[in-house]
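Please look over the sequence and the model below before reading on. The explanation that follows takes up the packing of helices and then the pairing of aromatic rings.

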Amino acid sequence: MLKVKQVSKIFNRGKVDEKHALADLNLFLKPGDFVTVIGSNGAGKSTLMNMISGVFLPDTGIIEIDGRVVNGFLEHQRAPMIGRVFQDPMAGTAPTMTIEENLALAFSRDKKRGLRKGVNRQRREFFRESLATLHLGLENRLTAKVGLLSGGERQALSLLMATFTQPKVLLLDEHTAALDPARAQLITQLTKEIVERSKLTTLMVTHNMQQALELGNRLIMMDKGRIILDIAEEEKKQLTIERLLQEFERLRGEKLASDRIMLA
């Protein structure tokens, strides 16, 4: 469903602050794979997500989504194929619009635009049913402005909107990092339920090692623009945080220097 083949990306090429963000990276996801990604700051995790979504284009290599090479596709051209939830709860929704208006926009992401009404009776009922699966009571607040919702409620709505159209690939970019522990746990559980229910091919970046171990059927560790560890489902079930840290030290000859990961 997703192929990233020999992809490299260099920022500020030829300048003093030249940075090799990705170096001949290879990543392949089968339909239904749920891969969690960990790594220290500057490992290339966010660059990888931006490369897949079309924010950046690769210097070399090929990106395929569902068998289609998308190297030349810009972000808006890939949008029908990709759902994405960002770290900032404010990033995935329009605060001045109502819940149902936000949902209508997401619902139309992979459809041709016309002059038909964005929200009709049939669609409103579908929105209510979808919101009810979040167990937050949002199905009774369709006309409420999204800007009035809490961070956790907005992130839950963003997650629902990103998966409305059954995207080929779902990208979760540290989507619980800005939430308090209780809300983060709620969104983690909702993520698990939605991905399993819809069988979505998912790539999730996280700084929380425990979350990386609990979610998904595969775990990869990145460092300096490369994947240095790729752990399949059966081995992942036996993993602990201590073993992950030991593996990083063994592979890199140094300890994992990331306060965010250690604290998480």
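Predicted model: local features only at pLDDT ≥ 70, side-chain atom pairs only at ≥ 80, totals over all residues.

Two packed helices are described by the angle between their axes and the distance between the axes. Helix H3, which spans residues 99–107, packs against helix H5, residues 151–163, at an angle of about 30 degrees, and the two axes lie 8 Å apart. Because angles under 35 degrees count as roughly parallel, H3 is roughly parallel to H5. The crossing in which H3 passes H5 is right-handed. On the side of H3 the contact is made by Ile-99, Asn-102, Leu-103 and Ala-106, and on the side of H5 by Leu-157, Leu-160 and Met-161.

A pair of aromatic rings is described by the distance of the centres and the angle of the planes. Seven aromatic pairs are found in the structure, and one of them joins Phe-126 and Phe-127, whose ring centres are 6.2 Å apart and whose planes stand at 50 degrees to each other, a tilted arrangement. Phe-126 has a relative accessibility of 31% and therefore counts as partly exposed, whereas Phe-127, at 0% relative accessibility, counts as buried because buried means under 20%. Phe-126 and Phe-127 belong, together with Phe-107 and Phe-164, to one aromatic cluster.

Key:
Residues numbered from 1 in each chain as written. Heavy atoms only, no water. Axes fitted to C-alpha atoms, helices over the stretch in contact; angles between N-to-C directions. Helix = DSSP H or I, 4+ residues; strand = E, 2+ residues; numbered from the N terminus. Parallel < 35°, antiparallel > 145°, perpendicular 65-115°, else oblique. Left-handed = near helix turned anticlockwise from the far one by under 90°. Contact = heavy atoms within 4.5 Å. Phe/Tyr/Trp six-rings, centres within 6.5 Å; stacked < 30°, edge-to-face > 60°. Buried < 20%, exposed > 50% of the residue type's maximum accessible area, 1.4 Å probe, protein only.
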